[in-house]
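Subject: Structure for you to look at

Hello,

Here is the structure I promised to pass on. Please open it beside this email and follow along.

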Amino acid sequence: MVTTTSPARDTAPQPAAAGREAQTYQPTVDICDRGAEVTITADVPGARPDGIDVTFDDGVLTVHATVPARPLPGRAVIREYGVGDYRRAFRLGTGFDASQITAECRAGVLTVRVPRLAAVRPRTIEVRG
Amino acid sequence: MSLIPFRTKRPTGMEPTSLATLADFRHEMNRMFEGFFSRPLPTLPWFDTIEPGQWLPTVDMSENDRQIHVRVELPGIDPQDVDVSVSEDRLVIAGEKKSTAESSGEGWTHRESRYGSFTRAIPLPESVDPANVTARYDKGVLTVELQKSPASTSRRIPVTTAAK
């Protein structure tokens with residue numbers, strides 16, 4: 001079972017650079033555990049692929065996506081969402097192959113695949129007659 | 001240990017999620033009342049903006065003297081699946097967010113994203129020229145740029161002093 005968490009060493013939200021909206025948001029995520037790998041898909045609209053950091057340390061996967069400000073010209077009529085960086089951490093535990101983690105971002109959706117070590121993958125054992 | 005404060009991307013008030021919940025609630029109430037009365041509950045106009053099971057994307061809108069800009073967060077959507085239509089006083093954005101291979105199938109799943117069709121009708125503050133609209137989808141964000149009708153463009157009236 002994967003739990004979403006913030007690592008203990010994360011003492012405070014990252015201060016945003018001057019001129020940026022200071023708020024950091026938790027992205028909406030889907031998490032799927034298929035046995036051989038865990039897939040995390042996070043909605044990060046507005047984030048550029050080269051502005052996304054994915055780290056895996058001590059069983060905790062952390063996703064941080066930098067979102068450039070995109071002010072609309074003129075005066076605001078409707079404001080239903082804020083624009084800021086995305087950050088979220090997931091406690092996956094042990095048994096994962098950190099060297100084989102892959103991440104891609106398309107159309108504002110980040111997909112991270114975390115494969116399990118071959119030794120701990122679920123196996124079907126053939127029964128001989 | 002201080003956690004990063006969870007802040008929803010949606011503000012309080014009449015937010016899409018509560019509209020969806022209200023639509024579900026209305027559906028449920030209709031179902032209950034139909035047993036007692038011959039016709040369903042009277043419908044409030046804004047209840048009709050969303051059907052049960054649908055979701056609504058969030059919208060930002062701004063205007064200046066000549067243009068109206070609308071920006072909608074639509075991550076994970078094929079631009080081919082988005083339909084943008086404009087009348088003089090209304091912008092309608094409809095489409096479908098298709099469930100990905102990752103989010104369906106065998107295994108344990110934790111799902112926060114909403115999938116399926118959406119329709120968002122946004123009243124415009126001033127009438128626009130329906131023939132002069134551009135829509136662009138980039139990194140999960142749809143930006144629509146509308147030009148105000150020349151007739152509705154606000155005009156600055158100079159205040160003159162009375163001649164002596």
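**Where the two chains meet**

A:Ala76 stands opposite B:Ser62, a residue of strand S1(B). Strands here are DSSP runs of E with at least two residues, helices are runs of H or I with at least four, and both are numbered from the N terminus.

Before going on, note that this is a predicted model: local features need pLDDT of at least 70, side-chain atom pairs count only at pLDDT 80 or more, and totals for chains, interfaces and linings use all residues. Residues are numbered from 1 along each chain as its sequence is written, while chains are lettered from A and ligands numbered from 1 in the order in which they are written.

Back to the strands. S7(A), residues 75–79, is joined to S1(B) by 4 bridges, and the two run antiparallel. Two strands pair if DSSP finds at least two bridges between them. S1(B) also pairs with S2(B), residues 67–73, in the antiparallel sense over 5 bridges. There, B:Ser62 stands opposite B:His69. S1(B) and S2(B) form a hairpin, with 3 residues between them.

One pair to find is B:Ile68 with its bridge partner B:Leu146 in S8(B).

In which order do the 5 strands of the open sheet come? The order is S7(A)-S1(B)-S2(B)-S8(B)-S7(B), with antiparallel pairing. S7(A) and S7(B), the latter at 128–138, stand at the edges with a single partner strand each, so one side of each has no neighbour in the sheet. From one strand to the next, the twist averages 15 degrees. Axes are lines fitted to C-alpha atoms (for helices over the stretch in contact), and angles run from 0 to 180 degrees between N-to-C directions.

**Chain A and the cores**

Chain A has 0 helices and 10 strands. Of its 129 residues, 36% count as buried.

The largest nonpolar core has 24 residues. Such a core is a set of buried Ala, Val, Leu, Ile, Met, Phe, Trp, Tyr and Cys residues joined through C-beta atoms within 7 Å. A:Ile40, A:Leu61, A:Ala65 and A:Leu110 have the most contacts inside this core. Two residues are in contact if their C-beta atoms, placed from the backbone, lie within 7 Å. S3, S4, S6, S8 and S10 of chain A each give two or more residues to the core. S10(A) gives the most, with 4 residues.

A second, separate core has 16 residues, including B:Met61 and B:Leu74.

**One residue in chain B**

B:Val82 lies in strand S3(B), residues 82–86. It has 19 C-beta neighbours inside 10 Å, so it counts as partly exposed. Beyond four places in sequence, its contacts include B:Leu74 and B:Tyr137.

The predictor's confidence in each residue is pLDDT, from 0 to 100. Its mean over chain A is 85, and 84% of the residues reach 70 or more. Over residues 6–20 of chain A, pLDDT stays under 50.

Best wishes

How values were computed
Buried ≥ 20, exposed ≤ 12 C-beta atoms within 10 Å, placed from the backbone.
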